[in-house]
Protein chains: 4
Amino acid sequence: MESSVVLKNVIQEGDPVLIWFGDEVTYLVEANPAQKLGIHRGRPIELKHLIGKSYGEWIEVANGKALLLEPTVEDFVMKARRESGIIYPKDAAMILMKLGIRSGSRVIEIGTGSGALTLALTSQVAPSGKVYTYDRREDFQKIAESNLKRAKLLPYVEFHLRQEHEPFLEQEVDAVVSDVPEPWHEAETIRTSLKTGGRVASLNPTYNQIEKAAEAFERAGFVQIEAMEIFVRGILARSGKTRPEQRMVGHTEFLLFALKPASQVV
Amino acid sequence: MESSVVLKNVIQEGDPVLIWFGDEVTYLVEANPAQKLGIHRGRPIELKHLIGKSYGEWIEVANGKALLLEPTVEDFVMKARRESGIIYPKDAAMILMKLGIRSGSRVIEIGTGSGALTLALTSQVAPSGKVYTYDRREDFQKIAESNLKRAKLLPYVEFHLRQEHEPFLEQEVDAVVSDVPEPWHEAETIRTSLKTGGRVASLNPTYNQIEKAAEAFERAGFVQIEAMEIFVRGILARSGKTRPEQRMVGHTEFLLFALKPASQVV
Amino acid sequence: MESSVVLKNVIQEGDPVLIWFGDEVTYLVEANPAQKLGIHRGRPIELKHLIGKSYGEWIEVANGKALLLEPTVEDFVMKARRESGIIYPKDAAMILMKLGIRSGSRVIEIGTGSGALTLALTSQVAPSGKVYTYDRREDFQKIAESNLKRAKLLPYVEFHLRQEHEPFLEQEVDAVVSDVPEPWHEAETIRTSLKTGGRVASLNPTYNQIEKAAEAFERAGFVQIEAMEIFVRGILARSGKTRPEQRMVGHTEFLLFALKPASQVV
Amino acid sequence: MESSVVLKNVIQEGDPVLIWFGDEVTYLVEANPAQKLGIHRGRPIELKHLIGKSYGEWIEVANGKALLLEPTVEDFVMKARRESGIIYPKDAAMILMKLGIRSGSRVIEIGTGSGALTLALTSQVAPSGKVYTYDRREDFQKIAESNLKRAKLLPYVEFHLRQEHEPFLEQEVDAVVSDVPEPWHEAETIRTSLKTGGRVASLNPTYNQIEKAAEAFERAGFVQIEAMEIFVRGILARSGKTRPEQRMVGHTEFLLFALKPASQVV
């Protein structure tokens, strides 16, 4: 057993902790010596007690016990403070896979919003890559910054304010992710900053948007234009009575992918 | 434009290249001065001509042109040479997301098979993490090794032969992924090597398997046991006639996730 | 314009009427000279005012207008008074189709429940066929009877009390529909009353149930055993912003179908 | 056992028979004293031997046995001879349910095509109702007529040739089903022939079509406009290894429904 690995697991002051109560309810907090967490049942929890515990340990609470967990990027995404739309882990996961984003990648994001997708992108490019995220609203980027900060991912992201059509500061990026309502206005600008062979993803909720986006990317010379939607269906796996869950999310976003080839046959 | 970035994009001898012909057909090859690639239409391509080109460039072929692409992990997964089951990118992407696997993670995989899932895991933990992959069949691991080698991911994986129930060599790993037919036999062994707070994923095609796996993980003290299935549906986004694709994959695997808590309330 | 057709459309005393307020809310009532309907907004409606109106006509209500509709069998199913499980129109429709039920068919139903599926079956066999519906609970059959009565379908159904394993009174029926938790106990009894070439459908929510049911029907000599599940996804078709609905029902029942062949090769 | 019921089950000359060989292959034939059926394995079957057998009986064939089945409307739909698009039973079943079509209904169909949907409609309105089906192509209606004839449903259908925008001959029909590429051109004509309170269904494969259709029906004064799509997923229910089928149909048609209210508040 390597001691370095074990030490990593101890909760330090300022570390994020997901507290799970054995039911559907979880809280994402910071191990903070000065704060209390009001919870859905029983007395508030003094967060100073989390410091020195290890991720995976139980603590006693008023009516039972609670589990201290190291938040995954999915937890940060689902718990992001937000004033704009949500991103679902199923969609973020597929974007990361299809764009080939990995440690070291340089990625432009258009439409920071509350930073939920920024979290997923940044988590993947760390520690040697970077996400350059653009939004026209400073208030959104403030929220996004606080979400990235608590996930300790701020070092891997740069925030920029930008209006539609304005060029990006970066060139030759490995991938671009667009989460804006009118991606067809951005196809040319995206093409300019994307490396040859690089890929773009666009998320949009309506058919009309993905149709217009597909047309725009094709006009701008992109190839391998592909659209899809992803469903997740929960399964209740229980002795002798296993069945799918009765409710499911029927729609979030359509995902559109395209690739920038070199302009000319050599 | 940073020259280092541009250089990275030039195809060197030995580099993997995905060749796309503008239709449904692609080939995953190595830029090799001594080989020819027989293709589905026209004359073979001499692969020495790829060297010195850049990813994203076109080459002329018998009946038109072809695009040279840097393969993503999805391409390596889909093109993996195999004698065992396939893993779908949709499932691999969700496993990476739910397990919180990232650059630096240490992950045990049970059931190397042809290494398709190993590719996805290794790509994510690189360059500072490691995948420890176990199988009882040496012939499968030879295939897996060749698949990892061509993706240049061999440095981030260790292969081990192992029979069911045998302990793993590693301790305190961040996550375990199981792709074996009887995961219920492995719940205790998995628990032993997983760090407190660590997560396990099991992939299985039948309900009977996920039900038995869920029971076994619960008996072994795991919590947050959650099962799901993922669908991907293609959308044909075309001017004035956008519609879903008529064929889709109806089923691949059920995914089961569980978390190892500390054994005792502190 | 044939006057007989027009007359059919006039609401008589005792006729069922579905009242729609232009939003998500509907009420299924009887055109009754002595009753008032308390509604979700504004003053109650005196139901005597419905008599003499035609289906499809608007009436004025407190804050606007409401539409008087002739209920379809789907409306009767969805509005059935119930103390047991619901049946979804998607599942009922497929059962009718797969079993080949039509006007004149003789059908046994096991598990009357609140009569929701009985409504769909009876509506289809009328006016020359009959549904024979069995349940072990008299209280359920009373509810079912009231549901059938208000749909004016009582003449086409016979209610019987029955314990598991007891034989049915009818022979050579065209089809059997089973909506009981342990259909495997009924396979032999069903076979006895079903005509050669006749079909059975079983509805069950868990995988374990359909697996056991499939085994039992196979053991009892049934062939063409086929299971399925049906999803309905709503689409919001709106100018320039068409998209699927965000919520959907993820699971109701699995449907199992089987066919009774003659016992011997001639 | 009622003898009349038994007699109905005996195959007469001219009766349709579905022959099933225990695998995926079936043949829909007529019990004809003069014809032979070439099959996928072994010697042809002389169809005169079917006469006098009962539905549900087995016959001996070259390499085993085959089952004689009474075709359901689903069988007639799936086996319809065709030169135009197919209709899926899942879609036909939902249309019948949502439109409230039943024995005695009078229904206009626009777009006869090969008559697959006509079969489902006619089967449901028989014996006292009628389907009035319109197409602009006489060759299609000839095929449709032969499909209806072999299902013995010709008495319940009237075929009409018609160009777009031409009025229908019938008034006050209970329902209209449209299977044409540009249903928005028909909204007014449909309204004219539909009874107040009657419903229309339109089937179209693209989003663009259902969006335009929804707009047109709304402009024409229809209410309760609702669109959906239906999925069927096969389940392999087998002892100890139950799982969904790996292939499924991903898309057929979107279904749009609307209701014609009276034009004025009374």
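**Contacts and pairing**

Author: In this predicted model, 63 residues of chain C are in contact with 63 residues of chain D. Of the side of chain C that touches chain D, the largest share, ten residues, comes from strand 12 (residues 223-236) of chain C. By class, that side has 34 nonpolar, 13 polar and 16 charged residues.

The model being predicted, local features need pLDDT of at least 70 and side-chain atom pairs count only at pLDDT 80 or more, while totals for chains, interfaces and linings use all residues. Residues are numbered from 1 along each chain as its sequence is written, and chains are lettered from A and ligands numbered from 1 in the order in which they are written.

Reader: What makes residues of chain C and chain D count as in contact?

Author: Two residues are in contact if their C-beta atoms, placed from the backbone, lie within 7 Å. By that rule 63 residues of chain C are in contact with 63 residues of chain D.

Reader: What makes a residue nonpolar, polar or charged here?

Author: Ala, Val, Leu, Ile, Met, Phe, Trp, Tyr, Cys and Pro count as nonpolar, Asp, Glu, Lys and Arg as charged, and the others, Gly among them, as polar.

Reader: Why are strand 12 of chain C and strand 12 of chain D called paired?

Author: Strands are DSSP runs of E, at least two residues, numbered from the N terminus. Two of them pair if DSSP finds at least two bridges between them. Nine bridges join strand 12 of chain C to strand 12 (residues 223-236) of chain D, so the two strands pair, and they run antiparallel. Glu229(C) stands opposite Arg233(D) there.

Reader: Which strands pair with strand 6 of chain C?

Author: Strand 1 (residues 16-20) of chain C pairs with strand 6 (residues 64-69) in the antiparallel sense over three bridges, and Leu18(C) stands opposite Leu69(C). Strand 5 (residues 58-61) of chain C is joined to strand 6 by four bridges, also antiparallel, with Ile59(C) opposite Ala66(C). A hairpin of two residues links strand 5 to strand 6.
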